[in-house]
Amino acid sequence: MFQANNDTRKFHILLAAISVAAVVARLLVCANLYSSCPLVAHPPQGVDMRTYLRYSAQILRGEYSGPLYYQPFYYVVFLPLVRLFGDGVWTVLVAQSLLGGGTVYLVGWCAALIRGRATGLIAAGLLAFAKLPLLYVSFALIATLNAFLVALLAWLVLAAMLTRSSPKTSLPLWGASGGVCAALILSRANAVTFVPAVCALIFIASPYITGKGLLQRRIATLTVFFLCCLAPMAPFCLYNTWVTGELSGPSTGGGANLALADNPESPPGTLHNTDTSRYWIATADRTPVWKRVISWAWDKPLAFAELAFRKLLLFWDSGEIYDNLELARKSISKSLPLRFSGIIPSAVLLMGFPAMLILFGKRLWRNRGTTMLSLMIGLFWLGIGLARNESRYRVTIFPLLAICAAIVAVECFKVAVRKRGVARTVLALVIAAFAVFEMFPLYRGHLEKNVLRLAYPQGVMVKLGGKTLLFDHGPRPFGGWTPVALKTGALVEKKFSESPGANATFQIPLICRKRRLKIMVNGKLFYLTPKQDGLNTFLVRGFPVRGSVVNLKLVDVPQDGVAFLVDRQRDFARTAINGEIAAGELVCRLVLPSKPPKNIRR
């Protein structure tokens with residue numbers, strides 16, 4: 001830790017000034033979005049902000065009942081405490097702005113402990129004016145609180161590892177780290193990945209858990225850490241167990257989140273409810289979602305691993321997944337305070353970690369601070385493989401990424417001065433830029449379809465109770481759905497791996513005008529009536545069976561045609577348009593009645 005001297009005081013004064021500037025910038029953004037974006041002041045029904053504010057108000061009035069569906073720390077602890085000082089939304093915005101400033105200060109301090117004061121000031125500046133942390137302060141979401149907790153956890157762990165006093169001083173710091181881990185887990189379940197990171201640091205990095213009595217000291221430190229981690233979660237688990245009548249964790253919504261993130265129809269990011277996730281959630285009382293996920297992973301290990309891999313790639317992509325904030329996208333794009341203060345794009349922070357790994361190599365593990373960064377960021381990233389990517393979850397780790405980016409910036413300056421190691425530095429920056437800007441688009445555009453052709457050679461088949469879905473296309477979010485306009489007389493042929501059978505339903509989305517369509521399906525004429533201009537989904541039943549092929553002929557459609565959707569990220573060579581194999585698969589599906597067991601007579 002720093003000794004008290006003039007340089008240290010100057011550093012903390014400068015760090016405090018950057019933190020105050022961060023608070024001011026956040027308050028300006030909050031004021032602008034509060035007046036221009038209804039999602040800030042009056043979030044509509046169905047979004048998480050409205051739910052959190054409503055639940056916290058009910059808890060303050062003593063009116064809340066029922067189980068805790070969401071991870072509870074934000075709306076059971078943080079929001080009620082903040083709203084004691086005022087019930088308006090502005091109280092929350094001010095509190096989160098102050099948390100943002102505190103996060104900046106802690107990040108600067110941590111970076112200084114790891115690689116010096118210059119690194120600390122750069123890290124603080126990067127986080128203070130990073131666009132995404134500035135944006136999320138304005139909304140009643142867990143992002144700002146979680147980022148603060150991660151910065152606090154990093155500071156506590158560093159203090160425990162670097163303290164020069166007795167083990168009696170470091171032990172309370174490890175215990176406090178356990179309490180912060182509990183708060184993180186109670187805010188977002190996949191933050192549990194910080195627990196093994198801290199455990200590893202207790203074993204390999206603490207100077208006082210070495211030498212005589214090594215095993216006993218490790219066990220004692222781990223015991224304190226785990227007790228402090230488990231104790232804050234116990235009341236929430238007991239409450240949910242009492243309310244539901246069965247053993248439960250701190251939230252009851254884990255199954256729903258797992259169903260949304262890990263099913264055969266899941267995209268690698270954003271919230272996307274599908275037929276599969278809806279069925280899994282609706283039947284979770286009979287078959288827990290985790291059992292269905294394990295069953296799918298066992299039956300289709302390559303498909304499960306490919307989805308996890310796609311999520312891991314998407315985590316480093318420079319694009320943002322706003323999800324809950326989609327309704328506010330227009331206001332966000334027009335916000336002048338956000339535009340002028342949020343000058344650091346996410347890509348700058350994201351490039352820091354891979355660049356640091358390449359620049360330091362083996363040296364990374366000789367420094368306790370960079371060891372901590374690598375373990376915490378790496379394990380959090382791997383935890384995303386079982387969750388879903390959204391910007392509000394990724395921003396959690398931005399404090400640590402800011403430190404990495406600052407370390408790389410200082411290292412680049414040293415290389416430029418010494419003029420040694422230039423090639424390695426340039427290579428590290430090029431690889432980091434590739435990981436952030438090109439890696440996911442490259443995989444998505446060129447490799448994904450080849451891997452999924454191996455994972456699903458017969459197409460995707462999902463059994464949902466009394467029916468089975470059979471299709472070849474991927475999800476719409478992060479998919480390759482492309483409209484293909486066709487006019488009267490056009491022919492579309494779609495092959496499936498199984499014959500539809502007499503009771504099958506053919507489901508197909510079309511983009512068209514609100515005018516009746518005449519389409520021949522396997523030689524039988526059907527009249528389809530759109531409900532609106534634009535995208536309509538049609539269900540066709542009672543069409544003739546011709547093996548495993550469904551032929552569509554446009555008999556009479558509007559003069560400007562009808563657009564079929566073709567997924568360019570799937571290629572099983574089972575779709576033909578006007579006699580030519582299409583570069584993709586038709587977005588459609590068969591709904592087949594499930595076959596009864598052979599020992600039951602119909």
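Predicted model: local features only at pLDDT ≥ 70, side-chain atom pairs only at ≥ 80, totals over all residues.

Modeller: A residue is called buried when its relative accessible area is under 20%, exposed when it is over 50%, and partly exposed in between, as judged with a 1.4 Å probe on protein chains only. Residues are numbered from 1 along each chain as its sequence is written, and side-chain values use heavy atoms, with hydrogens and water left out.

We can begin with Cys 37, which is buried, with a relative accessible area of 2%. The structure holds zero disulfides, a disulfide being a pair of cysteine sulfur atoms within 2.5 Å. For Cys 37, which is in no disulfide, the nearest cysteine sulfur belongs to Cys 30 and is 11 Å away. Cys 404 is likewise in no disulfide, and the nearest cysteine sulfur to its own is that of Cys 110, 12 Å away. Cys 404 is buried as well, with a relative accessible area of 0%.

The largest core has 131 residues, of which Phe 139, Phe 194, Leu 325, Met 372 and Ile 403 touch the most other members. Its largest share, 15 residues, comes from helix H8 (residues 143-162). Helices (H or I, at least four residues) and strands (E, at least two) are DSSP runs, numbered from the N terminus. If residues up to four places away in sequence are set aside, Phe 139 touches residues that include Cys 37, Leu 33, Val 40, Met 49, Tyr 74 and Leu 325, where contact means heavy atoms within 4.5 Å.

A second, separate core of 32 residues includes Phe 538, Phe 543, Val 557 and Val 562. Strand S5 (residues 505-512) has six buried residues out of eight, so it is largely enclosed by the rest of the structure. Eight bridges join S5 to strand S8 (residues 534-541), and the two run antiparallel; here Ile 508 stands opposite Phe 538 in S8. S5 also pairs with strand S14 (residues 589-593) in the antiparallel sense, over three bridges, and Phe 506 has Leu 590 in S14 as its bridge partner. Two bridges join S5 to strand S10 (residues 562-567), again with an antiparallel run, and Leu 510 stands opposite Phe 564 in S10.

There is also an open sheet of six strands, in the order S7-S6-S9-S4-S11-S12, with antiparallel pairing. Strand S7 (524-528) and strand S12 (580-581) stand at its edges with a single partner strand each, so one side of each is left without a neighbour in the sheet. Within this sheet, strand S4 (residues 491-495) and strand S11 (residues 575-577) pair in the antiparallel sense over three bridges, and Thr 575 in S11 is the bridge partner of Lys 494.

The loop between S10 and S11 holds Ala 573, whose phi is positive, at about 55°, although it is not a glycine. Ala 573 is partly exposed, with a relative accessible area of 45%. Lys 419 is found in the loop between helix H22 (398-418) and helix H23 (422-437), and it is exposed, with a relative accessible area of 69%.

At 1% relative accessibility, Glu 448 counts as buried. Not counting residues up to four places away in sequence, Glu 448 touches Glu 306, Arg 310, Tyr 443, Gln 569 and Arg 570.

Technical notes. Pairing = 2+ DSSP bridges. Core = buried A, V, L, I, M, F, W, Y, C linked by side-chain atoms within 4.5 Å.
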